[in-house]
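Hello,

Here is the structure for you to look over. My notes follow below it.

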Amino acid sequence: MSSKTPKGPDNVTRNLVIGMVVLVVAVGAIFSVLSNKENTSAALPSSVSQEDGYGIVFNGDLTGVPVIDIWEDFQCPVCARFEQTNGDYIEKLIEEKKAKVVFHTLSFLGPESSLAANAAACASDENKFLGFHRAFYQNLPAENSGAITTDYLVALGKFVGITSDKFKSCVANLDYKGWVNNVAASGGKANVNSTPTVFVNGKEIRRATSGADLGDYFDPAAFAKAVEGK
Amino acid sequence: MKKAQPWIGLLARLILGGVLLVAGYLKAFTPDKSMMAVRAYEILPIWLANAIGIILPWLEIGAGLLLIIGVGIRYSAIFGSALMVLFIIAIAQAWARGLSIDCGCFGGGGTIDPSQTKYLEEILRDIGLALLGLYLLRYPNTKFALEKNKSREPKSSEQLTPGE
(Lines give C-alpha, C1' and ligand atoms only; values in the text may rest on other atoms or scores of the structure.)
Protein backbone atom coordinates (compact mmCIF):
# COMPACT_ATOMS: atom_id res chain seq x y z
CA MET A 1 0.00 0.00 0.00
CA SER A 2 1.18 3.45 -0.79
CA SER A 3 0.92 4.62 2.78
CA LYS A 4 3.70 2.20 3.66
CA THR A 5 6.29 4.00 1.55
CA PRO A 6 8.80 5.52 3.92
CA LYS A 7 9.48 8.52 1.73
CA GLY A 8 7.86 11.72 2.99
CA PRO A 9 6.31 14.28 0.71
CA ASP A 10 8.56 15.40 -2.09
CA ASN A 11 8.95 18.98 -0.98
CA VAL A 12 10.58 20.34 -4.11
CA THR A 13 7.84 19.10 -6.41
CA ARG A 14 5.20 20.17 -3.94
CA ASN A 15 6.52 23.70 -3.64
CA LEU A 16 7.09 23.94 -7.36
CA VAL A 17 3.48 23.00 -8.06
CA ILE A 18 2.15 25.36 -5.41
CA GLY A 19 4.36 28.12 -6.78
CA MET A 20 3.11 27.57 -10.31
CA VAL A 21 -0.52 27.59 -9.24
CA VAL A 22 0.00 30.76 -7.20
CA LEU A 23 1.69 32.33 -10.22
CA VAL A 24 -1.22 31.45 -12.52
CA VAL A 25 -3.71 32.88 -10.03
CA ALA A 26 -1.70 36.07 -9.44
CA VAL A 27 -1.00 36.74 -13.11
CA GLY A 28 -4.60 36.06 -14.08
CA ALA A 29 -6.05 38.22 -11.33
CA ILE A 30 -3.68 41.11 -11.97
CA PHE A 31 -4.33 40.92 -15.71
CA SER A 32 -8.10 40.94 -15.10
CA VAL A 33 -7.91 43.90 -12.75
CA LEU A 34 -5.73 45.94 -15.10
CA SER A 35 -7.79 45.23 -18.20
CA ASN A 36 -10.94 46.29 -16.38
CA LYS A 37 -9.62 49.62 -15.25
CA GLU A 38 -11.09 52.75 -16.71
CA ASN A 39 -8.85 54.07 -19.45
CA THR A 40 -9.11 57.85 -19.35
CA SER A 41 -7.14 58.28 -22.55
CA ALA A 42 -9.46 56.09 -24.63
CA ALA A 43 -10.89 57.64 -27.79
CA LEU A 44 -14.50 58.68 -27.26
CA PRO A 45 -17.20 58.68 -29.92
CA SER A 46 -19.03 61.92 -30.58
CA SER A 47 -21.90 62.74 -28.24
CA VAL A 48 -20.40 60.69 -25.44
CA SER A 49 -20.27 62.26 -22.05
CA GLN A 50 -17.90 61.03 -19.41
CA GLU A 51 -20.13 62.52 -16.72
CA ASP A 52 -23.02 60.41 -17.99
CA GLY A 53 -21.12 57.17 -17.48
CA TYR A 54 -19.58 57.28 -20.96
CA GLY A 55 -23.06 56.86 -22.45
CA ILE A 56 -24.10 58.10 -25.87
CA VAL A 57 -26.19 61.15 -25.09
CA PHE A 58 -29.12 62.64 -26.94
CA ASN A 59 -30.44 66.07 -26.01
CA GLY A 60 -27.66 66.56 -23.48
CA ASP A 61 -28.24 70.32 -23.54
CA LEU A 62 -31.86 70.14 -22.40
CA THR A 63 -32.75 70.94 -18.82
CA GLY A 64 -35.96 70.37 -16.96
CA VAL A 65 -36.81 67.25 -18.96
CA PRO A 66 -36.78 63.64 -17.77
CA VAL A 67 -33.41 61.92 -18.05
CA ILE A 68 -33.60 58.35 -19.31
CA ASP A 69 -30.55 56.13 -18.86
CA ILE A 70 -30.75 52.88 -20.80
CA TRP A 71 -28.19 50.20 -19.93
CA GLU A 72 -28.22 47.43 -22.50
CA ASP A 73 -26.15 44.79 -24.20
CA PHE A 74 -26.51 44.43 -27.93
CA GLN A 75 -26.68 40.66 -27.63
CA CYS A 76 -29.41 40.61 -25.01
CA PRO A 77 -32.76 39.41 -26.40
CA VAL A 78 -34.68 41.15 -23.62
CA CYS A 79 -33.05 44.42 -24.68
CA ALA A 80 -34.34 43.76 -28.19
CA ARG A 81 -37.78 43.28 -26.69
CA PHE A 82 -37.47 46.55 -24.79
CA GLU A 83 -36.43 48.31 -27.99
CA GLN A 84 -39.36 46.81 -29.86
CA THR A 85 -41.75 47.83 -27.11
CA ASN A 86 -40.53 51.37 -26.46
CA GLY A 87 -38.11 52.22 -29.28
CA ASP A 88 -40.59 54.34 -31.23
CA TYR A 89 -41.61 56.25 -28.15
CA ILE A 90 -38.01 56.90 -27.10
CA GLU A 91 -37.04 58.09 -30.57
CA LYS A 92 -40.04 60.41 -30.55
CA LEU A 93 -38.97 61.82 -27.17
CA ILE A 94 -35.53 62.49 -28.62
CA GLU A 95 -36.89 64.03 -31.81
CA GLU A 96 -39.34 66.26 -30.00
CA LYS A 97 -36.74 67.19 -27.41
CA LYS A 98 -38.91 65.97 -24.57
CA ALA A 99 -36.25 63.97 -22.77
CA LYS A 100 -32.53 63.54 -22.41
CA VAL A 101 -31.69 59.97 -23.35
CA VAL A 102 -28.41 58.23 -22.59
CA PHE A 103 -27.58 54.85 -24.13
CA HIS A 104 -25.02 52.76 -22.27
CA THR A 105 -23.91 49.84 -24.41
CA LEU A 106 -22.56 47.17 -22.09
CA SER A 107 -20.64 44.18 -23.36
CA PHE A 108 -20.81 41.54 -20.66
CA LEU A 109 -22.47 38.86 -22.80
CA GLY A 110 -19.34 38.25 -24.81
CA PRO A 111 -16.83 39.53 -27.33
CA GLU A 112 -19.49 39.96 -29.99
CA SER A 113 -21.26 42.46 -27.73
CA SER A 114 -18.07 44.52 -27.72
CA LEU A 115 -17.91 44.41 -31.52
CA ALA A 116 -21.50 45.60 -31.73
CA ALA A 117 -21.03 48.34 -29.12
CA ASN A 118 -17.94 49.57 -30.94
CA ALA A 119 -19.82 49.63 -34.25
CA ALA A 120 -22.70 51.52 -32.64
CA ALA A 121 -20.21 54.13 -31.46
CA CYS A 122 -18.85 54.36 -35.01
CA ALA A 123 -22.44 54.84 -36.20
CA SER A 124 -22.88 57.57 -33.60
CA ASP A 125 -20.06 59.49 -35.27
CA GLU A 126 -22.15 59.38 -38.46
CA ASN A 127 -25.24 60.57 -36.57
CA LYS A 128 -26.84 57.22 -37.25
CA PHE A 129 -26.76 55.65 -33.81
CA LEU A 130 -30.52 55.35 -33.43
CA GLY A 131 -31.01 53.79 -36.86
CA PHE A 132 -28.16 51.37 -36.27
CA HIS A 133 -29.43 50.52 -32.82
CA ARG A 134 -32.89 49.74 -34.15
CA ALA A 135 -31.71 47.79 -37.18
CA PHE A 136 -29.36 45.75 -35.01
CA TYR A 137 -32.10 44.59 -32.66
CA GLN A 138 -34.49 43.90 -35.52
CA ASN A 139 -31.98 41.40 -36.92
CA LEU A 140 -30.57 40.17 -33.63
CA PRO A 141 -28.38 37.12 -34.30
CA ALA A 142 -28.14 34.24 -31.83
CA GLU A 143 -25.89 35.01 -28.86
CA ASN A 144 -22.17 34.50 -29.49
CA SER A 145 -22.84 32.43 -32.60
CA GLY A 146 -20.08 34.12 -34.55
CA ALA A 147 -22.61 35.97 -36.72
CA ILE A 148 -21.53 39.44 -35.58
CA THR A 149 -18.44 40.18 -37.67
CA THR A 150 -16.92 43.27 -39.21
CA ASP A 151 -18.62 42.43 -42.50
CA TYR A 152 -21.96 41.96 -40.80
CA LEU A 153 -21.73 45.27 -38.95
CA VAL A 154 -20.54 47.17 -42.02
CA ALA A 155 -23.44 45.70 -44.01
CA LEU A 156 -25.85 46.70 -41.27
CA GLY A 157 -24.38 50.20 -41.38
CA LYS A 158 -24.95 50.32 -45.12
CA PHE A 159 -28.54 49.23 -44.52
CA VAL A 160 -29.14 52.31 -42.35
CA GLY A 161 -27.36 54.57 -44.78
CA ILE A 162 -23.76 54.67 -43.57
CA THR A 163 -21.41 54.30 -46.51
CA SER A 164 -18.27 56.12 -45.42
CA ASP A 165 -14.89 54.43 -45.38
CA LYS A 166 -14.31 55.97 -41.99
CA PHE A 167 -17.15 53.85 -40.56
CA LYS A 168 -15.69 50.74 -42.13
CA SER A 169 -12.26 51.30 -40.67
CA CYS A 170 -13.73 52.33 -37.33
CA VAL A 171 -15.61 49.02 -37.16
CA ALA A 172 -12.74 46.92 -38.47
CA ASN A 173 -10.07 48.49 -36.26
CA LEU A 174 -12.20 48.61 -33.12
CA ASP A 175 -11.49 52.31 -32.75
CA TYR A 176 -13.61 52.56 -29.62
CA LYS A 177 -12.52 49.40 -27.85
CA GLY A 178 -11.20 51.42 -24.90
CA TRP A 179 -14.46 53.30 -24.68
CA VAL A 180 -16.44 50.02 -24.69
CA ASN A 181 -14.42 48.92 -21.64
CA ASN A 182 -15.05 52.25 -19.95
CA VAL A 183 -18.80 51.89 -20.43
CA ALA A 184 -18.56 48.43 -18.85
CA ALA A 185 -16.62 49.80 -15.90
CA SER A 186 -19.13 52.59 -15.37
CA GLY A 187 -21.95 50.01 -15.44
CA GLY A 188 -20.25 48.39 -12.47
CA LYS A 189 -20.10 51.68 -10.63
CA ALA A 190 -23.76 52.38 -11.39
CA ASN A 191 -24.66 48.97 -9.92
CA VAL A 192 -26.31 47.73 -13.11
CA ASN A 193 -26.94 44.03 -12.56
CA SER A 194 -28.91 43.02 -15.60
CA THR A 195 -29.90 44.28 -19.00
CA PRO A 196 -31.91 46.14 -19.87
CA THR A 197 -31.77 48.39 -16.83
CA VAL A 198 -33.50 51.72 -17.28
CA PHE A 199 -33.32 54.69 -14.96
CA VAL A 200 -35.62 57.66 -15.21
CA ASN A 201 -34.11 60.64 -13.41
CA GLY A 202 -31.70 58.31 -11.66
CA LYS A 203 -34.36 55.94 -10.34
CA GLU A 204 -34.82 52.48 -11.82
CA ILE A 205 -38.23 51.91 -13.38
CA ARG A 206 -40.35 49.09 -12.00
CA ARG A 207 -39.26 45.61 -12.94
CA ALA A 208 -41.81 42.85 -13.50
CA THR A 209 -42.37 40.66 -10.48
CA SER A 210 -44.02 37.69 -12.15
CA GLY A 211 -44.64 36.23 -15.58
CA ALA A 212 -47.98 37.96 -16.11
CA ASP A 213 -46.75 41.34 -14.89
CA LEU A 214 -44.97 43.38 -17.55
CA GLY A 215 -43.62 46.02 -15.19
CA ASP A 216 -42.63 49.38 -16.63
CA TYR A 217 -40.27 47.74 -19.07
CA PHE A 218 -42.60 45.95 -21.43
CA ASP A 219 -45.87 47.81 -21.09
CA PRO A 220 -45.67 50.90 -23.33
CA ALA A 221 -48.30 52.78 -21.33
CA ALA A 222 -46.55 52.07 -18.03
CA PHE A 223 -43.21 53.09 -19.49
CA ALA A 224 -44.59 56.39 -20.79
CA LYS A 225 -46.10 56.99 -17.39
CA ALA A 226 -42.79 56.27 -15.67
CA VAL A 227 -41.03 58.71 -17.98
CA GLU A 228 -43.57 61.50 -17.89
CA GLY A 229 -44.43 61.03 -14.24
CA LYS A 230 -48.14 61.18 -14.89
CA MET B 1 -14.16 1.03 4.52
CA LYS B 2 -10.54 1.82 5.33
CA LYS B 3 -9.50 0.63 1.90
CA ALA B 4 -12.20 2.60 0.20
CA GLN B 5 -11.38 5.80 2.03
CA PRO B 6 -8.51 7.02 -0.21
CA TRP B 7 -10.66 6.31 -3.24
CA ILE B 8 -13.56 8.28 -1.80
CA GLY B 9 -11.04 11.01 -1.11
CA LEU B 10 -9.90 10.92 -4.73
CA LEU B 11 -13.48 11.25 -5.86
CA ALA B 12 -14.07 14.13 -3.45
CA ARG B 13 -10.93 15.86 -4.70
CA LEU B 14 -11.90 15.48 -8.33
CA ILE B 15 -15.49 16.62 -7.81
CA LEU B 16 -14.75 19.61 -5.57
CA GLY B 17 -11.62 20.53 -7.52
CA GLY B 18 -13.30 20.02 -10.86
CA VAL B 19 -16.29 22.13 -9.90
CA LEU B 20 -14.05 24.92 -8.59
CA LEU B 21 -11.83 24.82 -11.67
CA VAL B 22 -14.73 24.86 -14.13
CA ALA B 23 -16.62 27.50 -12.16
CA GLY B 24 -13.54 29.72 -12.03
CA TYR B 25 -12.66 29.19 -15.67
CA LEU B 26 -16.17 30.05 -16.85
CA LYS B 27 -16.06 33.36 -15.00
CA ALA B 28 -12.43 34.43 -15.20
CA PHE B 29 -12.65 35.67 -18.77
CA THR B 30 -15.97 37.48 -18.41
CA PRO B 31 -15.16 39.75 -15.48
CA ASP B 32 -17.97 42.21 -16.30
CA LYS B 33 -20.51 39.47 -15.86
CA SER B 34 -18.82 38.05 -12.80
CA MET B 35 -18.73 41.44 -11.07
CA MET B 36 -22.38 41.89 -11.95
CA ALA B 37 -23.21 38.54 -10.38
CA VAL B 38 -21.56 39.50 -7.09
CA ARG B 39 -23.21 42.92 -7.05
CA ALA B 40 -26.62 41.36 -7.59
CA TYR B 41 -26.49 39.75 -4.12
CA GLU B 42 -26.75 43.27 -2.71
CA ILE B 43 -24.71 42.49 0.40
CA LEU B 44 -21.39 44.17 -0.24
CA PRO B 45 -20.46 47.72 -1.13
CA ILE B 46 -20.17 48.03 -4.89
CA TRP B 47 -16.40 48.47 -5.02
CA LEU B 48 -15.86 45.37 -2.89
CA ALA B 49 -18.35 43.32 -4.89
CA ASN B 50 -16.55 44.33 -8.09
CA ALA B 51 -13.16 43.40 -6.63
CA ILE B 52 -14.44 39.99 -5.57
CA GLY B 53 -16.08 39.44 -8.94
CA ILE B 54 -12.77 39.97 -10.64
CA ILE B 55 -10.45 38.07 -8.29
CA LEU B 56 -12.55 35.20 -6.93
CA PRO B 57 -12.68 33.24 -10.22
CA TRP B 58 -8.89 33.07 -10.22
CA LEU B 59 -8.79 31.87 -6.61
CA GLU B 60 -11.30 29.18 -7.53
CA ILE B 61 -9.08 28.10 -10.41
CA GLY B 62 -6.10 27.94 -8.05
CA ALA B 63 -7.89 25.89 -5.40
CA GLY B 64 -9.36 23.64 -8.08
CA LEU B 65 -5.93 22.96 -9.59
CA LEU B 66 -4.40 22.17 -6.20
CA LEU B 67 -7.22 19.77 -5.34
CA ILE B 68 -6.99 17.96 -8.66
CA ILE B 69 -3.20 17.68 -8.58
CA GLY B 70 -3.35 16.75 -4.92
CA VAL B 71 -1.10 19.33 -3.32
CA GLY B 72 -1.96 21.30 -0.22
CA ILE B 73 -5.17 19.33 -0.07
CA ARG B 74 -6.13 20.40 3.43
CA TYR B 75 -5.74 24.09 2.65
CA SER B 76 -7.56 24.03 -0.65
CA ALA B 77 -10.28 21.82 0.85
CA ILE B 78 -10.91 24.21 3.72
CA PHE B 79 -10.86 27.11 1.26
CA GLY B 80 -13.41 25.32 -0.91
CA SER B 81 -15.65 24.49 2.04
CA ALA B 82 -15.46 28.01 3.45
CA LEU B 83 -16.32 29.38 0.02
CA MET B 84 -19.35 27.09 -0.23
CA VAL B 85 -20.55 28.17 3.22
CA LEU B 86 -20.27 31.82 2.15
CA PHE B 87 -22.15 31.03 -1.05
CA ILE B 88 -24.88 29.28 0.91
CA ILE B 89 -25.26 32.31 3.20
CA ALA B 90 -25.31 34.68 0.23
CA ILE B 91 -27.87 32.65 -1.70
CA ALA B 92 -30.04 32.10 1.36
CA GLN B 93 -30.15 35.81 2.17
CA ALA B 94 -31.05 36.61 -1.45
CA TRP B 95 -33.82 34.04 -1.27
CA ALA B 96 -35.09 35.33 2.07
CA ARG B 97 -35.08 38.94 0.90
CA GLY B 98 -37.02 38.05 -2.23
CA LEU B 99 -34.32 39.06 -4.70
CA SER B 100 -34.52 37.26 -8.01
CA ILE B 101 -30.97 36.53 -9.04
CA ASP B 102 -28.99 33.75 -10.61
CA CYS B 103 -26.24 32.57 -8.27
CA GLY B 104 -23.70 33.26 -11.00
CA CYS B 105 -21.75 30.25 -9.84
CA PHE B 106 -20.80 29.12 -13.32
CA GLY B 107 -20.86 32.39 -15.17
CA GLY B 108 -24.13 34.13 -15.80
CA GLY B 109 -25.60 35.79 -12.78
CA GLY B 110 -27.35 39.03 -12.14
CA THR B 111 -31.02 39.78 -11.85
CA ILE B 112 -33.27 37.28 -13.60
CA ASP B 113 -36.94 36.59 -13.96
CA PRO B 114 -38.45 35.46 -10.63
CA SER B 115 -39.68 32.23 -12.23
CA GLN B 116 -36.12 31.24 -13.10
CA THR B 117 -34.58 31.29 -9.66
CA LYS B 118 -33.17 27.98 -8.39
CA TYR B 119 -32.19 28.81 -4.85
CA LEU B 120 -32.92 25.40 -3.32
CA GLU B 121 -30.91 23.47 -5.92
CA GLU B 122 -28.03 25.91 -5.61
CA ILE B 123 -27.97 25.64 -1.83
CA LEU B 124 -28.19 21.82 -1.83
CA ARG B 125 -25.38 21.59 -4.36
CA ASP B 126 -23.18 23.88 -2.29
CA ILE B 127 -23.91 21.91 0.87
CA GLY B 128 -22.78 18.77 -0.93
CA LEU B 129 -19.59 20.44 -2.08
CA ALA B 130 -18.91 21.85 1.38
CA LEU B 131 -19.23 18.34 2.83
CA LEU B 132 -16.72 17.00 0.28
CA GLY B 133 -14.29 19.68 1.45
CA LEU B 134 -14.81 18.73 5.08
CA TYR B 135 -14.29 15.06 4.22
CA LEU B 136 -10.94 15.93 2.65
CA LEU B 137 -10.00 18.01 5.64
CA ARG B 138 -10.60 14.96 7.85
CA TYR B 139 -9.14 12.39 5.43
CA PRO B 140 -6.60 14.11 3.18
CA ASN B 141 -4.95 10.77 2.37
CA THR B 142 -6.22 10.12 -1.14
CA LYS B 143 -5.25 8.10 -4.20
CA PHE B 144 -3.10 9.62 -6.94
CA ALA B 145 -2.27 12.77 -5.03
CA LEU B 146 1.09 14.34 -5.74
CA GLU B 147 1.60 14.97 -2.07
CA LYS B 148 1.14 12.18 0.43
CA ASN B 149 -0.95 13.11 3.41
CA LYS B 150 -1.61 11.11 6.49
CA SER B 151 -5.23 11.09 7.45
CA ARG B 152 -5.73 12.11 11.00
CA GLU B 153 -6.37 8.87 12.81
CA PRO B 154 -8.20 9.16 16.08
CA LYS B 155 -4.99 8.27 17.90
CA SER B 156 -4.07 10.49 20.79
CA SER B 157 -0.47 10.88 19.59
CA GLU B 158 -1.51 12.32 16.29
CA GLN B 159 -4.46 14.30 17.42
CA LEU B 160 -2.47 17.40 18.20
CA THR B 161 -0.12 17.43 15.22
CA PRO B 162 0.21 21.03 14.18
CA GLY B 163 -1.20 21.57 10.75
CA GLU B 164 2.07 22.73 9.21
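**Helix packing in chain A**

The axes of helix H2 (residues 77-95) of chain A and helix H4 (residues 129-138) of chain A come within 10 Å and cross at roughly 150°. Axes here are lines fitted to C-alpha atoms, for helices over the stretch in contact, and angles run from 0 to 180 degrees between N-to-C directions. That makes H2(A) roughly antiparallel to H4(A). The cut-offs: under 35 degrees is roughly parallel, over 145 roughly antiparallel, 65 to 115 roughly perpendicular, and the rest oblique. H2(A) passes H4(A) in a left-handed crossing. Left-handed says that the near helix is turned anticlockwise from the far one by less than a right angle; right-handed, clockwise.

H2(A) brings Ala80(A), Glu83(A), Gln84(A), Gly87(A) and Glu91(A) to this contact, and H4(A) brings Leu130(A), Arg134(A) and Tyr137(A). Contact requires C-beta atoms, placed from the backbone, within 7 Å. By class, the residues are three nonpolar, two polar and three charged. Ala, Val, Leu, Ile, Met, Phe, Trp, Tyr, Cys and Pro count as nonpolar; Asp, Glu, Lys and Arg as charged; the others, Gly among them, as polar.

A note on provenance. This is a predicted model: local features need pLDDT of at least 70, side-chain atom pairs count only at pLDDT 80 or more, and totals for chains, interfaces and linings use all residues. Residues are numbered from 1 along each chain as its sequence is written, while chains are lettered from A and ligands numbered from 1 in the order in which they are written.

Next pair: helix H5 (residues 150-159) and helix H6 (residues 165-172) of chain A. Their axes come within 9 Å and cross at roughly 150°. H5(A) and H6(A) are therefore roughly antiparallel. The crossing of H5(A) past H6(A) is right-handed. Thr150(A), Leu153(A), Val154(A) and Gly157(A) of H5(A) meet Phe167(A), Lys168(A), Val171(A) and Ala172(A) of H6(A). Five of these residues are nonpolar, two polar and one charged.

How do H3(A) and H7(A) cross? The axes of helix H3 (residues 111-125) of chain A and H7(A) come within 9 Å, at roughly 110°. The two helices are therefore roughly perpendicular. H3(A) passes H7(A) in a right-handed crossing. On H3(A), the contact uses Ser114(A), Ala117(A), Asn118(A) and Ala121(A); on H7(A), Lys177(A), Trp179(A), Val180(A) and Val183(A). The classes are five nonpolar, two polar and one charged.

**Chain A as a whole**

Chain A has eight helices and six strands. These are DSSP runs, numbered from the N terminus: helices are H or I with at least four residues, strands E with at least two. The order along the sequence is α-β-β-β-α-β-α-α-α-α-α-β-β-α.

The C-alpha trace spans about 85 × 45 × 30 Å along its principal axes.

**The interface**

In all, 26 residues of chain A are in contact with 30 residues of chain B. Helix H1 (11-35) and helix H7 (177-189) of chain A each give two or more residues to that side of chain A. H1(A) gives the most, with 12 residues. The side of chain A that touches chain B has 11 nonpolar, 13 polar and two charged residues.

Best wishes

Terms used
Two residues are in contact if their C-beta atoms, placed from the backbone, lie within 7 Å.
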